[in-house]
Protein chains: 4
Amino acid sequence: MDDTLSRLTATIASRRLSDPEQSYVARLQAKGLSKIAQKLGEEAVETIIAAMSEDDTALTGEAADLLFHLLVLLDARGVPLTTVLAELDRREGLSGLAEKAARAQEG
Amino acid sequence: MDDTLSRLTATIASRRLSDPEQSYVARLQAKGLSKIAQKLGEEAVETIIAAMSEDDTALTGEAADLLFHLLVLLDARGVPLTTVLAELDRREGLSGLAEKAARAQEG
Amino acid sequence: MDDTLSRLTATIASRRLSDPEQSYVARLQAKGLSKIAQKLGEEAVETIIAAMSEDDTALTGEAADLLFHLLVLLDARGVPLTTVLAELDRREGLSGLAEKAARAQEG
Amino acid sequence: MDDTLSRLTATIASRRLSDPEQSYVARLQAKGLSKIAQKLGEEAVETIIAAMSEDDTALTGEAADLLFHLLVLLDARGVPLTTVLAELDRREGLSGLAEKAARAQEG
């Protein structure tokens with residue numbers, strides 16, 4: 001279902017060094033880390049406001065923007081998305097263990 | 001590679017109505033949309049600061065937190081992650097077409 | 001020294017109903033609370049990034065932007081700046097008392 | 001009316017080197033710029049959410065928190081509040097001139 005993010009990650013990496021006049025990603029990377037971090041922050045603010053406004057069409061668009069700029073930021077810092085996903089997997093494993101332990105205590 | 005997010009989405013949905021004393025997700029959902037949106041904002045701020053500090057271990061952890069809370073927010077509003085990913089696919093299609101059109105013009 | 005904020009508050013209130021084509025404040029108020037809150041968020045993000053970049057000229061400009069948009073937001077919600085400052089005074093009083101109490105305990 | 005901020009600025013400067021166990025400002029300064037910037041971001045997020053929730057009591061408290069942490073951040077960077085207020089004065093002068101010019105054109 002969601003190899004979307006893997007493909008998008010590859011696209012972002014491949015456009016990093018494209019002509020800034022033709023590629024939004026290249027333009028953003030050319031502006032540097034501060035600008036990319038700023039865009040991530042702006043998209044997070046817009047996601048919050050769309051959620052609080054209960055505007056789900058806007059929320060879909062802003063969440064997509066937020067994910068996209070998170071991928072650009074990870075690319076800019078050289079942190080692979082797979083590392084972030086592995087961290088989520090690791091935590092879910094821990095949390096499953098914690099739930100099991102809690103249930104064992106109860107029983 | 002990244003069915004992590006699909007699995008995590010299912011986990012979050014299944015814990016939504018768990019005992020808040022046993023589940024962080026249930027606790028967050030019980031506090032309501034404002035609190036979930038606030039957490040998303042805080043994680044975005046921490047992601048920005050980790051990136052600007054060039055601390056990639058912190059960035060990995062904060063990006064994981066940001067993704068996690070985005071999934072909780074989408075769940076709270078009933079917006080499927082698949083809808084957000086479909087929006088990203090749609091845009092990438094458009095952007096591919098735009099690049100092709102731009103290249104055709106040049107050629 | 002800082003009746004700047006009082007004067008700016010009055011200016012913002014007086015421009016609220018101006019011609020949006022002539023006044024930035026009127027334009028922002030016409031767009032509604034979500035847009036004003038969004039601008040506040042964006043200026044906070046830019047303030048964070050200027051601080052983390054140790055760029056004090058940028059920090060001065062962004063802090064000014066943040067204060068300005070906070071005043072516009074308070075005006076949009078009808079919360080007087082004086083009420084916010086009174087809250088700060090009240091807390092400082094409490095904190096002074098807490099410090100005194102802590103010192104008394106030590107002594 | 002609002003020498004509150006001047007006084008608070010002086011208080012923050014005087015507590016910067018206090019015992020972190022007795023002073024919140026000293027504790028925050030000891031944690032460094034990243035932590036102070038993070039707190040500013042969190043308070044901005046909470047201000048946005050209070051405004052969007054139309055909860056004016058919360059907005060008053062969060063706006064006070066935001067102002068307080070902005071003053072701590074300026075102190076941490078050595079940027080005087082008076083410099084930020086002078087920038088706001090300068091802009092208001094420019095904006096007044098721009099409005100005058102616009103009105104002259106119309107007349």
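Buried, for this talk, means under 20% relative accessible area. Keep that cut-off in mind. This is a predicted model.

Take D:Glu43 to start. Its relative accessibility is 5%, so D:Glu43 counts as buried. Its side chain still finds a charged partner. D:Glu43 and D:Lys39 meet in a salt bridge, 3.6 Å from N to O. Both sit in helix α3 of chain D, residues 33-52. They are 4 residues apart, which means a separation of about one helical turn.

Now move along to helix α5 of chain D, residues 81-106. Here D:Glu87 has two arginine partners. With D:Arg90, D:Glu87 forms a salt bridge whose closest N and O atoms are 3.0 Å apart. That pair is 3 residues apart, again about one helical turn. With D:Arg91, the closest N and O atoms of the salt bridge are 2.8 Å apart. D:Arg91 and D:Glu87 are 4 residues apart, about one turn of helix α5.

What about accessibility here? D:Glu87 has a relative accessible area of 17%, so D:Glu87 is buried. D:Arg90 is partly exposed, at 47%. D:Arg91 is partly exposed too, at 25% relative accessibility.

Over in chains A and B, salt bridges that share partners build a network. A:Asp65, B:Glu87, B:Arg90 and B:Arg91 are joined into one. Over all chains, the count comes to 36 salt bridges.

Next, the interface of chain C and chain D. The contact involves 52 residues of chain C and 53 residues of chain D. How much area do the two chains bury between them? About 4900 Å², with 64% of it on carbon and sulfur atoms. The polar side is there as well. Between chain C and chain D there are 8 salt bridges. There are also 12 residue pairs in polar contact across this interface, both residues at pLDDT 80 or more. On the side of chain C that touches chain D, the elements giving two or more residues are α1 (4-15), α3 (33-52), α4 (56-77) and α5 (81-106) of chain C. By class, that side of chain C splits into 25 nonpolar, 13 polar and 14 charged residues.

D:Arg77 belongs to helix α4 of chain D, residues 56-77. With a relative accessible area of 18%, D:Arg77 is buried. Its side chain makes a polar contact of 2.9 Å with that of C:Asp56. Leaving aside residues up to four places away in sequence, D:Arg77 touches C:Ala51, C:Glu54, C:Asp56, C:Leu59 and D:Leu33. D:Asp56 forms a salt bridge with C:Arg77, closest N and O atoms 2.9 Å apart.

On to chain B and chain A. Here 53 residues of chain B contact 53 residues of chain A. The buried area is about 4900 Å², 64% of it on carbon and sulfur atoms. Across this interface there are 8 salt bridges. One of them joins A:Asp56 and B:Arg77, at 2.9 Å from N to O. On the side of chain B that touches chain A, α1, α3, α4 and α5 of chain B each supply at least two residues. The most comes from α5(B), with 15 residues. That side of chain B has 25 nonpolar, 14 polar and 14 charged residues.

Note on methods:
Residues are numbered from 1 along each chain as its sequence is written. Chains are lettered from A and ligands numbered from 1 in the order in which they are written. This is a predicted model: local features need pLDDT of at least 70, side-chain atom pairs count only at pLDDT 80 or more; totals for chains, interfaces and linings use all residues. Side-chain values use heavy atoms; hydrogens and water are left out. Contact means heavy atoms within 4.5 Å. Buried area is the accessible area (1.4 Å probe) that two parts lose on being put together, summed over both. A salt bridge is a side-chain nitrogen of Lys or Arg within 4 Å of a carboxyl oxygen of Asp or Glu. A polar contact is a pair of N or O atoms within 3.5 Å; within protein, one must be able to donate a hydrogen and the other to accept it, and residues adjacent in sequence count only if both atoms are side-chain atoms. Ala, Val, Leu, Ile, Met, Phe, Trp, Tyr, Cys and Pro count as nonpolar, Asp, Glu, Lys and Arg as charged, and the others, Gly among them, as polar. Buried means under 20% relative accessible area, exposed over 50%, partly exposed in between (1.4 Å probe, protein chains only).
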